[in-house]
Each structure stands twice: as structure tokens, then as C-alpha cells.
Amino acid sequence: MRLARAYDSADPAEAAFRRVMTAAGKFWVCKRAMTHIAEALECLGGAGYVEESPMPRLYREAPVNSVWEGSGNVVCLDVLRARGKDEQAFGPVLAEIGLARGQDRRLDAYVDTLERELRPSTPADVEVSARRLVEKLVLALQAALLVRVSPTAVADAFISSRIAGDWGHVLGTLPPNTEFPAIIDRARG
Ligand SMILES: Cc1cc2nc3c(=O)[nH]c(=O)nc-3n(C[C@H](O)[C@H](O)[C@H](O)COP(=O)(O)OP(=O)(O)OC[C@H]3O[C@@H](n4cnc5c(N)ncnc54)[C@H](O)[C@@H]3O)c2cc1C
């Protein structure tokens, strides 16, 4: 929604924001979709597997999103290419992330690291670190937005897991003290 708002503005800072975040968001949403859909299929058990439901089609088709209209590596390189043309290209995104500064020490430390890593390096480093930097940029923006606009339970669970690393390598591994009822109630609307 934040990115969509950037498309409604003639402000050059918003144009720079969408230049970076459209590609970064495309990479991230396409990658998350595969994990999300696989887990959704599992939630439905065998009913999610059989062809009578729409799930198999979603599961089968999800990976193509990371190929067409900008494949994963190519969109990540595109994000970093923005910096090649303008050293301040990440300024508006970092400014947006900075609006949450001081509200969570874990996020502040993460953003400090991100800002260091985003400084221009050699072309070889750029290629190696493209996915890593884009992932970190997206997570920092998501966390910063959640801190500002979502209930504490949601922001805290996100920061504990995605920013502070307190989770495993699969879904369903959030720490046991996570406020699950509050998060689920919010998702239900
Ligand atoms: C179902 C489907 C429908 C499509 N419809 C259309 C259409 O309507 N119109 C149209 O014009 N095109 C269409 N395409 C083509 C689509 O845009 C291309 O498949 C896409 O651009 C990727 O190009 P490629 O398939 O040649 O893969 P490649 O460019 O060979 O890429 C293969 C892999 O290498 C990686 N890679 C490529 N370059 C680099 C690099 N420099 N550094 C690191 N990694 C790199 C990519 O990320 C990708 O993972 C369609 C594709 C599919 C699958």
C-alpha cells in the first residue's frame, strides 16, 4: 500500500521511492508467494493437492512469477543499478525506514548494518550481494512500516523473527511467546 501511494505522487522523492521499491517488491513478493502457497496447500491437506481445488494450479504457477516481467536476479541487479546512476537513489527509501528510528533497538541495529552494506562497492560485490541487499531493504521497510502502523503484537513478531532471527527455516517456527490470537484476529479483519 505504501508503494501504491508513491504512484499517486508527483514528488521526485516518491518517484525515487517507487524506482527502487517496485523492483525490490517484485522480487520479494514473487519469492514469498512460493513459500506461502506451498504452506497454504499443506494447511488444506489432501484437499489442497487434488486437482478439484484451485491450489494445485497456484502451486504450479507460482514460480513463473520469478521468471517473467523481471526474473529474480535481474530485478535485484536493477535495484542496485539505480544506485549506479544516482548515489542518493536509496535516500527516499532509507528516509521512510528512518521514520521508525528509535522505536525498536533491534530494527535500529539492522538498519545501521543495512546502510553500511548499501554503500557502493565493486561491480563484482554488487552481483554477489544483490539478493542479500534487496532482501534486507525490503525487510527493513516492512518492519519500519509495521512499527508505525500495526498493532504491537504484529510488529514485534515480525521484528523478532525477520529482523532479530528468532525463528527457524520454515513457517510455524515463531517463538512461543508470540501473541498469536492478536495476530490472527487482525488477519481475519
Ligand atoms: C509463461 C511465460 C509467458 C511469457 N510471456 C511473455 C510475453 O507475453 N511477452 C514477452 O516479451 N515475454 C514473455 N515471456 C518471456 C519472459 O519475459 C522471459 O522468460 C524472461 O524475461 C526471462 O528470460 P529467459 O527466459 O530468456 O531467461 P534468462 O534470461 O536466460 O534467465 C535465466 C535465469 O538466469 C538469470 N539471469 C539472467 N541474467 C542474469 C544476470 N545478468 N545475472 C544473474 N542472473 C541472471 C535469471 O534471473 C533467470 O533466473 C514469458 C515467459 C514465460 C515463462
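**Helix packing and nonpolar cores**

Helix 7 (residues 105-117) and helix 9 (residues 152-163) pack with their axes 10 Å apart, at an angle of about 40°. The model described here is a predicted one. Helix 9 also packs against helix 8 (residues 123-149), in this case at an angle of about 160° and with the axes 9 Å apart. The largest nonpolar core has 42 residues, and helix 8 supplies the largest share of this core, 13 residues.

**Helix 7 with helix 9**

- An angle of about 40° separates the two helix directions; helix 7 and helix 9 are therefore oblique to each other.
- The crossing of helix 7 past helix 9 is left-handed.
- On the side of helix 7, the contact is made by Arg106, Leu107 and Tyr110; on the side of helix 9, by Asp156, Ile159, Ser160 and Ile163.
- The residues of this contact comprise four nonpolar, one polar and two charged.

**Helix 8 with helix 9**

- Because angles over 145 degrees count as roughly antiparallel, the angle of about 160° makes helix 8 and helix 9 roughly antiparallel to each other.
- Helix 8 passes helix 9 in a crossing that is left-handed.
- Helix 8 contributes Leu139, Ala140, Gln142, Ala143, Leu146 and Val147, which meet Val154, Ala155, Phe158, Ile159, Arg162 and Ile163 of helix 9.
- By class, this contact has ten nonpolar residues, one polar and one charged.
- Ile159 and Ile163 of helix 9 take part in the contact with helix 8 and also in the contact with helix 7.

**Helix 6**

- In helix 6 (residues 91-98), the buried residues are Pro92, Val93, Leu94, Glu96 and Ile97.
- These buried residues pack against helix 1 (2-6), helix 2 (12-43), helix 7 and helix 8.
- Ile97, buried in helix 6, is also one of the residues that touch the most other members of the largest nonpolar core.

**Nonpolar cores**

- Within the largest core, the residues touching the most other members are Val20, Met21, Val79, Phe90, Ile97, Leu107 and Leu137.
- At least two residues of this core come from each of helix 2, helix 5 (72-85), helix 6, helix 7, helix 8 and helix 9.
- The contribution of helix 8, at 13 residues, is the largest share.
- Apart from its neighbours within four places in sequence, Val79 is in contact with Val20, Ala23, Ala24, Phe90 and Val134.

Key. Residues numbered from 1 in each chain as written. Predicted model: local features only at pLDDT ≥ 70, side-chain atom pairs only at ≥ 80, totals over all residues. Heavy atoms only, no water. Axes fitted to C-alpha atoms, helices over the stretch in contact; angles between N-to-C directions. Helix = DSSP H or I, 4+ residues; strand = E, 2+ residues; numbered from the N terminus. Parallel < 35°, antiparallel > 145°, perpendicular 65-115°, else oblique. Left-handed = near helix turned anticlockwise from the far one by under 90°. Contact = heavy atoms within 4.5 Å. Nonpolar A, V, L, I, M, F, W, Y, C, P; charged D, E, K, R; others polar. Buried < 20%, exposed > 50% of the residue type's maximum accessible area, 1.4 Å probe, protein only. Core = buried A, V, L, I, M, F, W, Y, C linked by side-chain atoms within 4.5 Å.
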